[in-house]
Amino acid sequence: GRRVTVRDLTAAKERGERWPMVTAYDAMTARVFDDAGIPVLLVGDSAAMVVYGYDSTLPVTVDDLLALTAAVVRGSSRALVVADLPFGSYQSSPQQALESAARFMKEAGAHAVKLEGGRRVVPQVEALVSAGVPVMAHLGLTPQSVNVLGGYRVQGRGQSGDELMADAKDLERAGAFSVVLECVPADLAERVTASLAIPTIGIGAGAGTDAQVLVWQDLMGLTPRPARFVKRYADLATEMDRAVRAFAADVAAGAFPAAEHTYS
Ligand code: KIV
Ligand code: NA
């Protein structure tokens with residue numbers, strides 16, 4: 001079958017269907033999520049933390065994410081693959097945004113890109129869309145701006161909610177095909193969702209958005225101290241700990257490899 005397209009996602013909103021997005025950073029997890037029917041895979045700059053071990057998303061580069069994006073595209077056959085534009089790769093100018101996005105599409109095979117920010121990135125969104133690059137926007141807690149926001153905290157409370165709403169409408173008008181709403185009050189996310197024709201994708205934004213996204217290591221229980229908005233659907237850290245200890249014990253005892261793992 002063919003890949004999911006950005007039009008499929010708008011059509012899903014028209015039908016009132018909710019859908020899941022998960023992050024992916026390698027071919028094997030991409031294949032598992034793709035086979036499970038996840039329609040959109042995000043190669044998030046959260047890779048800075050969960051893949052590369054940094055303590056924020058700021059250090060990760062286009063080159064760091066290109067290789068991961070290419071792996072996710074190779075590992076999937078049905079999902080729309082969205083690549084995050086990392087910090088510093090699009091803020092300077094629409095031209096810089098287009099050069100970065102073109103690398104993700106040409107060198108890695110991404111189908112769309114995501115960038116953070118409201119009205120200040122409207123020129124970038126317009127340039128990308130007119131060049132044929134579908135753009136996912138990202139409002140609320142935008143981790144690339146953590147040093148301006150003063151930490152990872154809820155955004156859009158009180159008056160700043162009106163600004164977020166205005167940003168969302170401007171991004172839709174600029175041609176974005178969807179918008180991530182991160183760590184915002186549920187009632188604001190609901191109002192934004194009702195005001196836009198494009199789908200909203202929530203993370204820490206309550207149950208009223210069109211879609212939901214989680215970082216896969218969070219949803220599988222690999223991250224040690226997940227945020228309040230995370231639900232763990234598995235406990236992979238415990239399972240992997242058990243498995244690797246069992247392997248270590250078998251090696252120490254001479255119980256692995258057994259005859260069936262051995263060539264004669
Ligand atoms: O980088 C990321 O994983 C993201 C999602 C949490 C939306 O931007
Ligand atoms: Na991100």
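Visitor: How do you know that Phe104 is in contact with Val62?
Guide: Contact means heavy atoms within 4.5 Å. Leaving aside neighbours within four places in sequence, Phe104 meets that cut-off with Val62, Leu65, Leu66, Thr69, Ala83, Asp84, Leu85, Pro86, Gly109, Ala110 and Val113. This is a predicted model, in which local features need pLDDT of at least 70, side-chain atom pairs count only at pLDDT 80 or more, and totals for chains, interfaces and linings use all residues. Residues are numbered from 1 along each chain as its sequence is written, chains are lettered from A and ligands numbered from 1 in the order written, and side-chain values use heavy atoms, without hydrogens and water.

Visitor: What makes the set with Phe104 and Leu181 a nonpolar core?
Guide: A nonpolar core is a set of buried (under 20% relative accessible area, 1.4 Å probe, protein chains only) Ala, Val, Leu, Ile, Met, Phe, Trp, Tyr and Cys residues joined through side-chain atoms within 4.5 Å. The largest such set here has 58 residues, and Phe104 and Leu181 have the most contacts inside it. Helix H4 (residues 62–75) gives the largest share of this core, 7 residues; a helix is a DSSP run of H or I of at least four residues, a strand a run of E of at least two, both numbered from the N terminus. A second, separate core has 17 residues, including Val4, Met21, Leu42 and Phe177.

Visitor: Why are Asp45 and Asp84 said to coordinate the sodium ion (ligand 2)?
Guide: Donors are N, O and S atoms within 2.8 Å of the metal, or 3.2 Å for Na, K and Ca. Asp45 (OD) and Asp84 (OD) coordinate the sodium ion at 2.3 Å, so they count as donors. Water is not among the atoms, so the site may look incomplete.

Visitor: Why is this pair said to tie parts of the chain together?
Guide: Asp45 lies in the loop between strand E2 (40–43) and H3, and Asp84 in strand E3 (residues 80–84), so the pair joins parts 39 residues apart in sequence. Both Asp45 and Asp84 are buried.

Visitor: Which residues lie nearest the centre of the second largest pocket, and which element gives the largest share of its lining?
Guide: Leu139, Gly140, Leu149, Gln155 and Asp167 lie nearest the centre, among 14 lining residues. H8 gives the largest share, 4 residues. A pocket is an open set of points on a 1 Å grid over the protein atoms alone, where a 1.4 Å probe fits, with protein on both sides within 12 Å along at least five of seven lines; lining residues have an atom within 4 Å of a point.

Definitions and conventions
Buried means under 20% relative accessible area, exposed over 50%, partly exposed in between (1.4 Å probe, protein chains only).
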